[in-house]
Amino acid sequence: MPRPLWSGAISFGLVTIPVKLMSATEDRSVRFHQVHAEDLGRVRVRKYCEAEDREVAAAEIGKGYEVSKDTLVAITDEELEQMPLPTAKAIEIVAFVPTASIDPVRLSGDSYFLQYDGQVAAKPYVLIARALARNTKVAIAKLAWHGRERLVLLRVRDGALIAHVLKWDDEVRDPSELAPKETKVTDSEIDEALQLVDSMTTDDISGYRDEYRKALEAVLEAKTEGRQPPKPSIEAEEPGGKVVDLMAALQESVCKAQASRGEGAGDAEVHEMPTAKKKTAAKAAGKAAKAPAKKTAAAKKPARRQRGA
């Protein structure tokens, strides 16, 4: 496990559980350095003081809050640490809520394991972990960390407590304006969509892998060894091609999902709907069909006699 990032205690009523906080995840993304394209020299970011017009070291850099355009207020790390907050060294549990009541959009993506700190903390740690494991509720707590107070969700995974950082209520934007207006779908289409959901339902997502990272590592390995990067084996289809019947597309999707699981399913035919281009072509064909008739009628008229003939 990685080194602890924070140490304090879980406050659960009158029960106090000393714990250490450590990251529950790790970033496996491939990272790049910024380089000068001509000679691959590393590009560095240097920090300059505007007042003295010189580069400053990290030890000389502090925090400042902009009150107005020309006014900054300095604040030190010690002042932040000494703020009178009950959550400064404690994870204070404030409520228990049903798991289903937490909107996933509030999850910030930061997750941490809580390790009990010392043998005295083992029993109350196990007590709250098993209490959470026996019901469908999760604990909501407050924690002051990294210069701000955070809302966290506490739950149990394999007997260990895990904390997920939540967004505050006023940090979540209202998405109501994004929903399509006055769009109708039939009950049959909804039932077919539900059947597709059922056919794609699984209890295990551990088999999925980061294919982009795998392909990128193959490219980097080839370039390191002086070889040509591998070519894509399958050409990606351009999105937004054919316009298909929604019901037929759902049925076809259900068939494919069932076939991938070895389940029997009838064949579904996808019917292509006429697009704007095809309608235009049809009109042009109609005009072309009428054009010869006009020319024939014009040919029957006697030619005008030219003067002087």
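## Exercises on packing and charge pairs

Leaving aside neighbours within four places in sequence, Leu-153 is in contact (heavy atoms within 4.5 Å) with Ile-102, Val-138, Ala-139, Ile-140, Ile-162, Ala-163, His-164 and Leu-166. The model is predicted, so local features need pLDDT of at least 70 and side-chain atom pairs count only at pLDDT 80 or more, while totals for chains, interfaces and linings use all residues. Residues are numbered from 1 along each chain as its sequence is written, and side-chain values use heavy atoms, with hydrogens and water left out.

**Exercise 1.** Find which residues of the largest nonpolar core touch the most other members.

*Solution.* First recall the term: a nonpolar core is a set of buried Ala, Val, Leu, Ile, Met, Phe, Trp, Tyr and Cys residues joined through side-chain atoms within 4.5 Å. The largest one holds 23 residues, and those touching the most other members are Ile-10, Val-19, Ile-91, Leu-114, Leu-154 and Leu-161. Then see where the core comes from: among the elements that each supply at least two residues are helix H2 (122–133), strand S9 (137–145) and S10. A separate second core has six residues, including Ile-102, Ile-140, Leu-151 and Leu-166.

**Exercise 2.** Work out how many salt bridges the whole structure has, then examine the pair Glu-149 and Lys-142.

*Solution.* Begin with the criterion: a salt bridge needs a side-chain nitrogen of Lys or Arg within 4 Å of a carboxyl oxygen of Asp or Glu. The search finds nine. For Glu-149 and Lys-142, the closest N and O atoms are 3.7 Å apart. Both ends can be classed by accessibility: Glu-149 is partly exposed because its relative accessible area is 22%, and Lys-142 is partly exposed at 26%.

Now try another pair: Arg-227 bridges to Glu-225, with 2.9 Å between the closest N and O atoms. To finish, salt bridges with shared partners link Glu-52, Arg-54 and Glu-60 into one network.

Note on methods. Buried means under 20% relative accessible area, exposed over 50%, partly exposed in between (1.4 Å probe, protein chains only). Helices (H or I, at least four residues) and strands (E, at least two) are DSSP runs, numbered from the N terminus.
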